[in-house]
Amino acid sequence: MLAKAINIVNAGAALAVLAASVLITLPTRPSQKLGKRAQTPSGSRASQVAATEAGAEKQLRDASGLEVPLQRFARIAGGSLVADRLLLMLCEPSRIVAFSSSAPTAYQAYRFSGKPSLPQLTNTEAILAQNLDLLIVNSLSQQPHLQKLREAGVVVFDLGSMHGIETLLPNIDAVGVLLGEVERAQALKRDFVLRMQQMSAHIQPQTRRTAIYVGVHGDKMYGGTVGSSFHDLLQIAGLRDAAAKAFVGWPRYTNEQILTLDPQVIVTQQGMRENLCNHPGLSKLSACAAPAAIVELEPALLLDPGLALVEAAALVQHRVYGPQRESALDKAGADL
């Protein structure tokens, strides 16, 4: 994944040159089914922003296939947590009208203070009252509501479904083009990838512990593996995703499947250790026998599929491996 991320960053450098005169296309991505691993059609995963000639008018094609004319947007809102964080990093505050309805309960929600939160995207009348020029969403599942907004004159750009780093990096590209801040977006992406590389560079492959993500919801347990931000979280933290060979996306696990995987580390939401280990048979898990082997994170951080991934990974790594030596990136930051 990190090698692929570097390739995407390199492709983004070419984007900075192309953005001035071409139609930028954000590749679509089909939704993945929950469950066991299946073959993914070649080319179905978004890996970079592709560009094609489009005459004099500059446009950006979103994940739903709609082409959005590029212009100077002055009243912008985020309709998803990924969009919120990208706006926070790339956009002047004076152009941001509102953040998404997820912002008040997000990780480090104070960063979004000072701006109102949008209602749910289904409440088209309340959103129209914001008099927006541009709404940026990750919302392929709510196309009927978005279409109503478009028909009323709001420019809606759909970043598409969220599948971890593989879609986050092209999302950074797209938002940079929308805002007219391509260079700023490339700098953000380079910094994000560098931090991912630095995070686990000191952990040798043969010493990396096996791990899985398990979300405990009542008596049901869900995973997050290849094609999800949870898989990326484990990798960035220097762990090996034990579910990656057998599952894809967000499978619903049976107790037997978790016992078969029997990872050295389990990452879950805060307060779920007892619930997890009390499931029938799961007390036999290696992780349940070791107090530090089940890492619990606050849900707001754990469930953030965007830029906060690196912070979540750093916390997981610290709890699994202990404090690491000062990285070159940390030293460089301290010297500034």
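Is Ser 228 buried or exposed? With a relative accessible area of 1%, Ser 228 is buried, where buried means under 20% relative accessible area, with a 1.4 Å probe and protein chains only.

## About the model

This is a predicted model, in which local features need pLDDT of at least 70 and side-chain atom pairs count only at pLDDT 80 or more, while totals for chains, interfaces and linings use all residues. Residues are numbered from 1 along each chain as its sequence is written, and side-chain values use heavy atoms, with hydrogens and water left out.

## Ser 228

Ser 228 sits in the loop between β11 (220-223) and α7 (229-236); helices (H or I, at least four residues) and strands (E, at least two) are DSSP runs, numbered from the N terminus. Apart from its neighbours within four places in sequence, Ser 228 is in contact (heavy atoms within 4.5 Å) with His 163, Gly 164, Gly 249 and Trp 250. Although Ser 228 and Trp 250 are 22 residues apart in sequence, their C-alpha atoms are 7.3 Å apart in space.

## Ser 100

Ser 100, found in the loop between β7 (96-98) and α3 (124-128), is also buried, at 2% relative accessibility.

## Helix α11

In α11 (residues 309-321), the buried residues include Leu 309, Val 316 and Val 320. Seen down the helix axis, the buried residues of α11 fall within an arc of 155° (taken from the directions from the axis to the C-beta atoms), so they line one face of the helix. Gly 322, with a positive phi near 85°, follows α11.

Definitions and conventions. Buried means under 20% relative accessible area, exposed over 50%, partly exposed in between (1.4 Å probe, protein chains only). The expected span of a helix is 1.5 Å times one less than its number of residues.
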